[in-house]
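Biologist: I have some questions about side chains in this one. Can you put it up and go through them with me?

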Amino acid sequence: MAQTLSAAGGGAARKPILPNHTQSVRSRVTRHWQLYIFLLIPLVFLGAFKYAPMFGLQIAFRDYNIGLGVWGSRWVGMKYFRTFINSFEFPRLLRNTLAIGVYSLLVGLPCQIILALSINACRGRVLSKAAQMVTYAPYFISSVILVTIVMQFLAVRGGMLNNVRAMLGMQPINLMARPGAFRHIYVWSGVWQETGYGAVIYIAALAGVNPELYEAATIDGASVLQRIWHIDMPSIMPVAVILLIMKCGGIINVGHEKV
């Protein structure tokens, strides 16, 4: 055996032969190393801002003492979770959170689709762009300003709603003092703020529809509603399903700032 190796390789050890899969991966990395460097940027971002902060999550399972630090604090397991679940406020908090989340999902998604279809059906380009800009602008309003606008709009004295009711001979109403109106105020103010932003994705999907489909439907005598139902709706349905699945994951993610 030694003589054979000496005769074949001149006494030098042969390089190990890598499997074809390993060779293909190494060749791809070597050939496209610039792309892999760009790939490192989001990976570093996820590691630094998404996974590294998870180190502090263990505070929820410890009797945390700032003097002892995270590792020095006593481990208590699910103690605080059991305390919260067994508290008398937990059923009401869970019920309200689910109600607001499901309500926002059932109302917000159809409104976004309807707005996108309406803007796409506008004949005038200037009108459609203006409508898109006006409905998109409220998304940039902060929660503090939004809540202030809502409170001023619904104010008993000087509010636009009660001013209109006074002009019609009706008595003023204080909706902000009615617990049953809270969910409706919360959800519909969010619809006003976020519908224009959410409709952008559907408008982008409608922009990819082949114009020949509209021309053929017009020649066949299809009305605007028929073109929307048979051309636009099937075109945006895959996008709507994906967004619905993504939004279902955030039903209980109701922020406390606006509340």
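**Rings, charges and cysteines**

Biologist: Is Phe-55 buried, partly exposed or exposed?

Modeller: Phe-55 has a relative accessible area of 43%, so it counts as partly exposed. Keep in mind that this is a predicted model.

Biologist: Noted. How many aromatic pairs are there?

Modeller: The count comes to 10. One of them joins Phe-55 and Trp-71, with ring centres 5.7 Å apart and 55° between the planes, which makes it tilted.

Biologist: Where do those two sit in the chain?

Modeller: Phe-55 is in the loop between helix H3 (33–51) and strand E1 (62–65), while Trp-71 belongs to helix H4 (residues 69–72). They are 16 residues apart, and the pair links distant parts of the chain.

Biologist: And Trp-71, buried or exposed?

Modeller: Exposed, because its relative accessibility is 63% and the cut-off is over 50%.

Biologist: What about Tyr-139 and Tyr-197, how are their rings arranged?

Modeller: They are stacked, because the planes are at 5° with the centres 3.9 Å apart. Tyr-139 is in the loop between helix H7 (125–136) and helix H8 (143–153), and Tyr-197 is in helix H10 (residues 182–207), so this pair ties together parts 58 residues apart in sequence.

Biologist: How accessible are they?

Modeller: Both count as partly exposed, Tyr-139 at 33% and Tyr-197 at 38%.

Biologist: Which residues make up the aromatic cluster with them?

Modeller: Tyr-136, Tyr-139, Phe-140 and Tyr-197 form one cluster.

Biologist: Switching to charges. What does the charged end of Lys-258 sit over?

Modeller: The ring of Tyr-186, at 4.5 Å from the ring centre. Lys-258 itself is in the segment after helix H12 (224–248).

Biologist: Which side chain of opposite charge is nearest to Lys-258?

Modeller: Glu-194, at 6.3 Å. Lys-258 is buried and has no salt bridge; the cut-off for one is 4 Å.

Biologist: What polar contacts does the Lys-258 side chain make, then?

Modeller: There is one to the backbone oxygen of Tyr-186 at 2.8 Å. Another joins the side chains of Lys-258 and Ser-189, also given as 2.8 Å.

Biologist: How many salt bridges does the structure hold?

Modeller: It holds 1. Arg-74 pairs with Asp-63, and their closest N and O atoms are 3.5 Å apart.

Biologist: Which elements does that pair tie together?

Modeller: Arg-74 lies in strand E2 (residues 73–75) and Asp-63 in strand E1, so the bridge ties together parts that are 11 residues apart in sequence.

Biologist: How accessible are its two ends?

Modeller: Arg-74 counts as exposed, with 52% relative accessibility. Asp-63 counts as partly exposed, at 32%.

Biologist: Last topic, cysteines. How many disulfides are there?

Modeller: The number is 0.

Terms used. Residues are numbered from 1 along each chain as its sequence is written. This is a predicted model: local features need pLDDT of at least 70, side-chain atom pairs count only at pLDDT 80 or more; totals for chains, interfaces and linings use all residues. Side-chain values use heavy atoms; hydrogens and water are left out. A disulfide is a pair of cysteine sulfur atoms within 2.5 Å. Rings of Phe, Tyr and Trp (its six-membered ring) pair if their centres lie within 6.5 Å; planes under 30 degrees apart count as stacked, over 60 as edge-to-face and the rest as tilted. Helices (H or I, at least four residues) and strands (E, at least two) are DSSP runs, numbered from the N terminus. Buried means under 20% relative accessible area, exposed over 50%, partly exposed in between (1.4 Å probe, protein chains only). A charge sits over a ring if NZ of Lys or CZ of Arg is within 6 Å of the ring centre and within 35 degrees of the ring normal. Lys and Arg count as positive and Asp and Glu as negative; His and the chain ends are not counted. A polar contact is a pair of N or O atoms within 3.5 Å; within protein, one must be able to donate a hydrogen and the other to accept it, and residues adjacent in sequence count only if both atoms are side-chain atoms.
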